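Subject: Structure for you to look over

Dear colleague,

I am handing over the structure below, and would be glad if you could read it alongside the notes that follow.

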Amino acid sequence: MPRITINGKVCDATAGQTVLEAARAVGITIPTLCHDERLAPSASCRMCLVQIEGARQPLTACNTPVSDGMVIDTCPADLEDERRALLDWLAHHYPADAVDRFPAKPLHRLLREYGITARTAPDTARHDDSHPLIAVDMQRCVLCYRCVQICDTLQGQLVWHAVGRGDETHIVPGRAPSLRDSDCVACGACVDTCPSGALEDRAVIEHGVPERWTRTTCPYCGTGCEIELGTRDGRVIVARPAPDAAVNKGHLCVKGRYAVEFGATTDRVTTPLLRVDGSWREASWDQAIHFIVTRLRALRERHGADSVAILGSARATNEDNYIIQKFARLALGTHNVDCCARVCHTPTAAAMKLMLGAGAATNSYDDIELARLILVCGCNPTENHPVLGARIKQAARRGAQLIVIDPRRIELAEAATVHVALRPGGNIPLLNALAHVIVTEQLYDAGFVTTRVDEFEQFCAYIAEWTPERAAPLCGVEPAQIRDVARRYATAGPALMVHGLGITEHVQGTEGVMALVNLALLTGNLGKPGSGINPLRGQNNVQGAAHMGCDPGTLTGGVALHEGSSRFESAWGASLPTSPGLNLMQMIDAAGRGELKALWSVGYDILLTNANATVTRQALAQLELLVVQDLYLNETARELAHVLLPAASGFEKDGTYMNAERRIQRVRQALAAPGQARGDWQILCDVARALGYQEQFGFASAQAVWDEVRSVWPAGAGISYARLEQGGLQWPCPDESHPGTPLLHRHGFAQGPRAALRRIAYHPTPEQVSAEYPLLLITGRTLHAFNAGTMTGRSQVHTLRPTDTVDVCADDAHRQHLTDGQWVQVISRYGSATLPLRISATVKPGELFATFHDPRVFLNHVTSPHRDRMVKTPEYKCTAVRLEPV
């Protein structure tokens, strides 16, 4: 450990530290303008020059490593004079009003510390006001180059460039005329790093600098980024990345940074509503609860406990979802409980639990940087999980092989070593053919197979018939490319897989994930760093909602009913139901048959998001009681609900989320809930107590709920709120001395020491193109919107993508005489939707891609009734359609 002297103070430094880092560690401040801990030191601003004994000239502290015996003077008079002169030169060209308006900017603090006054009037000619989220004022640019560097090395977007020479040097957004017209994805990293405010959040300019910052977890995708939420005058202004976050490492995407003000819109529901004679009327909580309890009791008495059901929410906390499933099983007396995992990643959980014993990611996000090959299968990370997408893109830039399996030419395909543009619905033939090549060319890991894999011989006999030549016409991929991908994946090592809904939302979604597991087992890409099978979960707590027990077949912790019932009965002091429960899709079917009489939906717009919306609407319309619990009057509530209960958002309550890498992280209240809105778990507890379950639902806080979760879930017993204050923890974490588990299956699998390969037969989707419906539609998300648009549609991010679009290749568009931007009708066998057309090179002839975020478009009127063969997830990824001009 080097011992150094800084400003006369002897201290111990850490090997590898820079002088700047060592000084900060002992509380000594060295001025900087170009330094950002997320970036490699550039030493361009020269503000951090220090005098080191024995050096012939001053050295920059940001990139000079410490050495034993080093003697450092950080503020000799001559260097202080140089700093003052540099700041004075900057101030000569700097607008004086900016210093007063934004005193916390690093440059502005330095100007005050050195007694220097900015003395230029604002020059609006250097403003770029084109972007709705980011304001550009290049009069305030100090040429620190941090925006250029962070856009390159963190996001990988390469938007900002320095042009010109000498005094003519300036920063521009590439070759675009404005930031709005550039390749900017509005992640805000450049704003976050800018020391002067040349780049600023427009919300801060309009509403003021936040007065308070609350560390919490992003409410959008399953990445689980930690944010610091900025609030002022009782409203959310903006978010910034938590700099030391294990998940996002000081980065955010456009939604996590800017789509955060949704809770303050004028259409927020703040009081309970009852539908009376077709119209909504305000009610007190007592009135609403009495109405619900009276209806539930009557329906249960007439039709039995299994005539009622409840749906948990992927947007709610673990604590909320734990109470929801406990409410179902005790207060309602039924296992009719599910959540929206059913329509996205339940196939993943089912397949991985069946084969590996645990229905969750095997590895962690940090394995992205350790992998030598990354296989991206059926997901679009740069749009749907942008922080992870940026990390994957950067890994490819550093030399990792990248294989993208996707019908569309997504952004990562541009960076890929190989892009496999398979035909939608062709997953099983392709994955079986990859396994065939690995087996027949003896590319499998013989040692791993011998010690940890069962049914290898039977699998080899079965897979022998799945030659690339057989698979090619079924999946639309040439045999040579199939062989190339198999060889790369099997030999690169370690190889990491990430997959998404392009795998799961098919009639063989569960089996598609099983086929991925086969590949990992064959090649030994499990139980070691840089490998594994890692689903990219779609919503902030979709992993947690199901894991807390919002699934008809499993209790908290993913334990099957027959395995865990006695333990939960003992913990809860009550008997559990004995009849099997219905999943979401079975609930819709039962409602359509008149068997399900009541449904309670928490934070879930079923009508808008379920496939085949016409059938969903018909089924929900037959319910005698439909309770919707949400922030807004969503489409389900607007058309069909009898009761609407106002819920608190994730920014208005405490709790935890579980991200896609099994990490539990804190959610912290930053604002009071408006009006009479309450936390989801509080609402359910109130109703449960009214139904007579005072003892089992007498919780006083979210922490009390979580402590009960820990008591019934052995793998989470060590994850206390106190420990989470220091950072997230990954389960299994069985006791409070356990560090958590970033990597599963090191020495065995959750169900035993060995796992069996599965022989997956191909069953093509019934949804096929025809002369009447000649195009195959894929549906999915886009960067600037999220799912049903409930939150992003109420934020300024909405202006970047105001409605859905349908992408079509140029040949198909020209064949029908359709033009870019033209409104068209997408018509399937099941319904139609109208939206603007976008001519795009990302889709192949005969295929379309449409987003589904705008309730005015209501794309799920088009999608099909077909479902996964094993867990009933709808097939959103294959619908035969035709296009007609409007």
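The crossing of α10 and α29 is left-handed, a crossing being called left-handed if the near helix is turned anticlockwise from the far one by less than a right angle, and right-handed if clockwise. Helices here (H or I, at least four residues) and strands (E, at least two) are DSSP runs, numbered from the N terminus. Before going further, please note that this is a predicted model, in which local features need pLDDT of at least 70 and side-chain atom pairs count only at pLDDT 80 or more, while totals for chains, interfaces and linings use all residues. Residues are numbered from 1 along each chain as its sequence is written, and side-chain values use heavy atoms, with hydrogens and water left out.

Helix packing

The axes of α10 and helix α29 (residues 702–712) come within 9 Å and cross at roughly 65°, where axes are lines fitted to C-alpha atoms, for helices over the stretch in contact, and angles run from 0 to 180 degrees between N-to-C directions. That makes α10 roughly perpendicular to α29, on a scale where angles under 35 degrees count as roughly parallel, over 145 as roughly antiparallel, 65 to 115 as roughly perpendicular and the rest as oblique. On the α10 side the contact (heavy atoms within 4.5 Å) is made by Asn318, Glu319, Tyr322, Ile323 and Lys326, and on the α29 side by Ala702, Val705, Trp706, Glu708, Val709 and Val712. By class, this contact of α10 with α29 has 7 nonpolar, 1 polar and 3 charged residues; Ala, Val, Leu, Ile, Met, Phe, Trp, Tyr, Cys and Pro count as nonpolar, Asp, Glu, Lys and Arg as charged, and the others, Gly among them, as polar.

Turning to another pair, the axes of helix α15 (residues 427–440) and helix α17 (residues 456–463) come within 9 Å and cross at roughly 115°, which makes α15 roughly perpendicular to α17. The crossing of α15 and α17 is left-handed, and in it Asn432, Ala435, His436 and Val439 of α15 meet Phe459, Cys460, Tyr462 and Ile463 of α17. The classes represented in the contact of α15 with α17 are 6 nonpolar, 2 polar and no charged residues.

Helix α2 (residues 77–92) packs with helix α4 (residues 106–113) at an angle of about 115°, their axes being 10 Å apart, and the crossing of α2 and α4 is left-handed. Leu87, Leu90 and Ala91 of α2 make the contact with Leu107, Leu110 and Leu111 of α4, and by class the contact of α2 with α4 has 6 nonpolar, no polar and no charged residues.

Nonpolar cores

A nonpolar core is taken as a set of buried Ala, Val, Leu, Ile, Met, Phe, Trp, Tyr and Cys residues joined through side-chain atoms within 4.5 Å, and buried means under 20% relative accessible area, exposed over 50%, partly exposed in between (1.4 Å probe, protein chains only). The largest nonpolar core has 98 residues, of which Ile310, Ile323, Phe327, Leu599, Trp600 and Leu645 touch the most other members. Helix α10 (residues 318–332) gives the largest share of this core, 8 residues. Leaving aside neighbours within four places in sequence, Phe327 is in contact with Ile310, Leu332, Trp600, Leu684, Val687, Ala688, Leu691 and Phe697.

Individual residues

Ala515, in helix α21 (residues 509–523), is buried, with a relative accessible area of 2%. Ala515 touches Ile428 and Leu431, not counting residues up to four places away in sequence, and the C-alpha atoms of Ala515 and Leu431 are 6.1 Å apart although the two are 84 residues apart in sequence.

Two peptide bonds to proline deserve a check on your side. A cis peptide bond joins Gly493 and Pro494, with omega about -10°, and Pro494 lies in the loop between α19 (479–492) and β22 (495–499). The bond from Trp731 to Pro732 is also cis, with omega near 0°, and Pro732 lies in the loop between β31 (729–730) and β32 (755–756).

Leu143, not a glycine, has a positive phi of about 55° and is partly exposed at 28% relative accessibility. Phe858, likewise not a glycine, has a positive phi of about 55°, but is buried at 6% relative accessibility.

With best regards
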